[in-house]
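Reader: I am new to this structure. Please show me how to read it, one feature at a time.

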Amino acid sequence: MAERSVLYYRLGDPEYLKIVALANVLGIPKSLFKSVEGRQTDHNKLCCSDGELFLVCENGVTLQASNEICRYLCNSSGKTGFSGSSSALQRAYVDYWLEWESAELRPAVKATIACGSLTGQMLSSLSRLEDHIKLTGGCYLIKESQSLADIVVWAAIYPLLRAEGKYTHAIHRDFPSICRWFASASQNDLLTSAVWQSTGDKGVDAML
C-alpha cells in the first residue's frame, strides 16, 4: 500500500473485516488506517450509512467499494498473484467470486441479519457456495492455494457462522462443505485476529 494512501473506517463495519484480514496477510501496517469516529476530515462528506469505508489514494483518487479497495491493496503491495493477476484465468476466477460476494452474498447476509433468520436469498447463496466447494475439494475457492476470493467470502459469512446458536445449527446441518472450508480458513490467526481488530475487541456481536 502506497505510504501516502489512507484508509478511513468505522469499527464494527462488516466490510472492514475483510480489509483488516487482507492487510494482516499482506503485512500492511495499520498505521495507514484512520478511524472516522469523532473525526472531521476533508473526506467526512463521504461517510454515510452505506459508505463509511473508503480509501484515499496518494494521487487523491477515492475508492469506496470494499472489494475494489482489496484489489488495490494486493496490487500496491506487490502481491498481485494473490488477487489473481498472475494469469488471465485466475484473475477471472477471483473477479467472479468478488462480484458474486458483492452482488449476491453480501446483500443476502445483510437481509438475514436484519430479519433474524436465513432468508431464501441466503439459502440460495449458500447452496451455490456449497456446490462449488464440493467440486474444488473443500480447501480453497480457487485451485490449491488461498486467494483474495477466500478472504472476501470468509469475511462475508463470518457473522453467520459465529453468531452462536442463531444460524449455525441450520448451516452446519445443511452446508457441511462450507463449514469445513470456513473452519480451515479460520485456523489462520491472521484472519481470526482481524475480527477483534476490526470491531474494537467486541467480536461478532458488533457486526450483528
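Reader: At what angle do helix α2 and helix α3 pack, and how far apart are their axes?

Author: Start with the general idea. Two packed helices are described by the angle between their axes and the distance between the axes. Now this case. Helix α2 (residues 66-76) and helix α3 (residues 88-115) pack at about 155 degrees, and their axes are 10 Å apart. Axes are lines fitted to C-alpha atoms, for helices over the stretch in contact, and angles run from 0 to 180 degrees between N-to-C directions. Helices (H or I, at least four residues) and strands (E, at least two) are DSSP runs, numbered from the N terminus. α2 and α3 are therefore roughly antiparallel. Angles under 35 degrees count as roughly parallel, over 145 as roughly antiparallel, 65 to 115 as roughly perpendicular and the rest as oblique.

Reader: What kind of model is this?

Author: This is a predicted model: local features need pLDDT of at least 70, side-chain atom pairs count only at pLDDT 80 or more, and totals for chains, interfaces and linings use all residues. Residues are numbered from 1 along each chain as its sequence is written, and side-chain values use heavy atoms, with hydrogens and water left out.

Reader: Which elements make up the protein?

Author: The protein has 8 helices and 4 strands. From the N terminus, the order is β-α-β-β-β-α-α-α-α-α-α-α.

Reader: How does α3 cross helix α5?

Author: The axes of α3 and α5 (residues 148-162) come within 10 Å and cross at roughly 5 degrees. α3 and α5 are therefore roughly parallel. From α3, the contact (heavy atoms within 4.5 Å) takes in Val94, Trp97, Leu98, Trp100, Glu101, Leu105, Val109, Thr112 and Ile113. From α5 come Leu148, Ala149, Val152, Val153, Ala156, Ile157, Pro159 and Leu160. By class, this contact of α3 with α5 has 15 nonpolar residues, 1 polar and 1 charged. Ala, Val, Leu, Ile, Met, Phe, Trp, Tyr, Cys and Pro count as nonpolar, Asp, Glu, Lys and Arg as charged, and the others, Gly among them, as polar.

Reader: How many salt bridges does the whole structure hold?

Author: Side chains of opposite charge can pair when their charged atoms come close. The search finds 6 salt bridges. Each is a side-chain nitrogen of Lys or Arg within 4 Å of a carboxyl oxygen of Asp or Glu. One of them joins glutamate 101 and lysine 18, at 3.4 Å from N to O. Glutamate 101 lies in α3 and lysine 18 in helix α1 (residues 14-26), 83 residues apart.

Reader: Are glutamate 101 and lysine 18 buried or exposed?

Author: Glutamate 101 is buried, at 1% relative accessible area. Lysine 18 is buried too, at 2%. Buried means under 20% relative accessible area, exposed over 50%, partly exposed in between (1.4 Å probe, protein chains only).

Reader: Which side chain meets arginine 71 in a salt bridge?

Author: Aspartate 95 does, at 2.3 Å from N to O. Arginine 71 is in α2 and aspartate 95 in α3, so the pair ties together parts 24 residues apart in sequence. Arginine 71 is buried at 17%, while aspartate 95 is partly exposed at 35%.

Reader: What share of the residues is buried?

Author: Buried residues make up 50% of the 208 in the protein.
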